[in-house]
Amino acid sequence: MSEPSELAVRAEKLDAADELAAKRSEFVLDTVSDHAADVPVVYLDGNSLGALPAAVPARMEDVVRRQWGSLRIRSWDESGWWTAPERIGDRIAPLVGAAAGQIVVGDSTSVNVFKALVAAVRMARETDAGRDEIVVDATTFPTDGYIAGSAARMTGCTLRPVAPAEVPGALSGRTAAVLLNHVDYRTGRLHDLPALTAAVHTAGAVAVWDLCHSAGALPVGLDEHGVDLAVGCTYKYLNGGPGSPAYLYVRRELQDRFDSPLPGWNSHAEPFGMRSDYEAAPGAVRGRVGTPDILSMLALEAALEVWDGVSIDAVRAKSLALTDFFLECVTAYVPPGRVESLTPAAHGERGSQISLRCADAGDVMKRLIAAGVVGDFRPPDVLRFGFTPLYVGFRDVERAARVLAEVVA
């Protein structure tokens with residue numbers, strides 16, 4: 001048997017010094033057979049679906065058997081079902097740099113993008129009725145583009161796709177709202193939220209940010225940077241489970257002006273008054289629509305407990321260290337010319353994933369998964385690897401690069 005490589009030895013030392021290493025035991029992770037020995041599966045797809053926090057199954061057993069099975073309708077009050085969207089929103093708030101009372105959990109990211117964009121246009125037009133343009137990230141995840149197009153048609157706006165770096169020069173007195181992604185889903189590029197938000201405000205428009213690929217992976221600073229509206233999913237780095245509800249952030253100073261295009265009974269000032277006229281509730285509750293999905297909502301709440309005692313700055317530091325180490329290992333192990341990184345090397349421009357261009361990426365990813373290294377493939381030629389610092393370690397990273405080298409060779 002050959003001696004472990006210098007990189008493998010360094011990975012062990014880095015894991016031993018990792019202040020977040022103990023968090024790994026709070027997740028359900030499996031093993032795979034590798035050269036007649038069982039080794040942990042290297043799960044690098046947390047940017048699509050986070051691993052299962054170990055506390056969730058028992059909590060859901062209680063939710064289903066006791067709260068629903070025994071208490072039934074009483075659980076809306078006695079188990080706190082009714083207040084769950086705001087309560088869980090307050091648990092997410094510190095992870096995205098927001099004070100309490102500004103985030104409500106519920107609906108999907110797509111629905112929340114629609115609510116935020118239409119409300120943004122309405123707010124912009126309060127002071128300038130001539131604003132008739134929505135600027136959207138030209139590299140956005142397709143659904144955001146579809147929703148932005150629908151919001152533009154509904155509000156009589158022109159939709160203008162613009163690359164994030166070109167947004168400041170594209171803004172004008174016509175711009176009502178700007179929808180941007182904090183991290184590019186395909187390349188892992190981190191966009192400059194503070195500078196772009198400031199540029200949008202200078203133009204008199206409303207900034208809407210999609211945080212799906214940054215929340216739970218790096219500091220966001222919603223309050224600090226004056227973001228107006230933000231949306232995000234909870235099933236990626238927040239580990240809320242498949243289809244777990246998304247969230248909507250409305251900056252406190254704008255809450256009285258937030259005019260949702262989907263006013264529902266849950267956001268009514270008197271939800272049980274059953275009045276025919278609509279009066280919006282105060283605060284972030286305005287972002288609610290209908291009856292919340294309680295089962296997935298409470299699974300998310302249980303999942304968020306893994307964040308107790310965790311600093312998002314520590315998560316970011318480990319994320320950068322993991323991705324740096326992965327790139328170093330790929331360079332050392334993978335034959336030259338077989339892969340090319342699409343993710344910026346600069347820390348200030350990198351999220352928590354590495355995207356590699358590979359000529360036969362689809363087949364390569366299938367073989368990686370069969371070998372116990374799980375990432376994902378984006379056509380036509382991109383291998384994506386997401387690094388979730390709460391359960392990914394440096395030995396995982398070294399093994400992933402080593403298996404990648406074996407597969408592409």
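In this predicted model, strand E14 (residues 353-358) and strand E17 (residues 382-386) pair in the antiparallel sense, and five bridges join them.

E14 and E17 belong to an open sheet of four strands, whose order is E13-E14-E17-E16 and whose pairing is antiparallel. Strand E13 (339-341) and strand E16 (376-378) form the edges, each pairing on one side only. From one strand to the next, the twist averages 35°. In general, the strands of a sheet pair through backbone hydrogen bonds, in either a parallel or an antiparallel arrangement.

A helix accompanies this sheet. H10 lies across E13, E14 and E17, and runs at about 25° to E14.

H10 also packs with another helix. The axes of helix H10 (residues 312-333) and helix H12 (residues 394-408) come within 9 Å and cross at roughly 30°. Angles under 35 degrees count as roughly parallel, and H10 and H12 are therefore roughly parallel to each other. Their crossing is right-handed. On the H10 side, the contact is made by Lys318, Ala321, Leu322, Phe325, Phe326, Cys329, Val330 and Tyr333. H12 contributes Phe394, Val397, Glu398, Ala400, Ala401, Arg402, Leu404 and Ala405. In the contact of H10 with H12, 13 residues are nonpolar, three are charged and none is polar.

Taken together, H10 is in contact with H12 through the residues named above and lies across three strands of the sheet, E13, E14 and E17.

Notes:
Residues numbered from 1 in each chain as written. Predicted model: local features only at pLDDT ≥ 70, side-chain atom pairs only at ≥ 80, totals over all residues. Heavy atoms only, no water. Axes fitted to C-alpha atoms, helices over the stretch in contact; angles between N-to-C directions. Helix = DSSP H or I, 4+ residues; strand = E, 2+ residues; numbered from the N terminus. Parallel < 35°, antiparallel > 145°, perpendicular 65-115°, else oblique. Left-handed = near helix turned anticlockwise from the far one by under 90°. Contact = heavy atoms within 4.5 Å. Nonpolar A, V, L, I, M, F, W, Y, C, P; charged D, E, K, R; others polar. Pairing = 2+ DSSP bridges.
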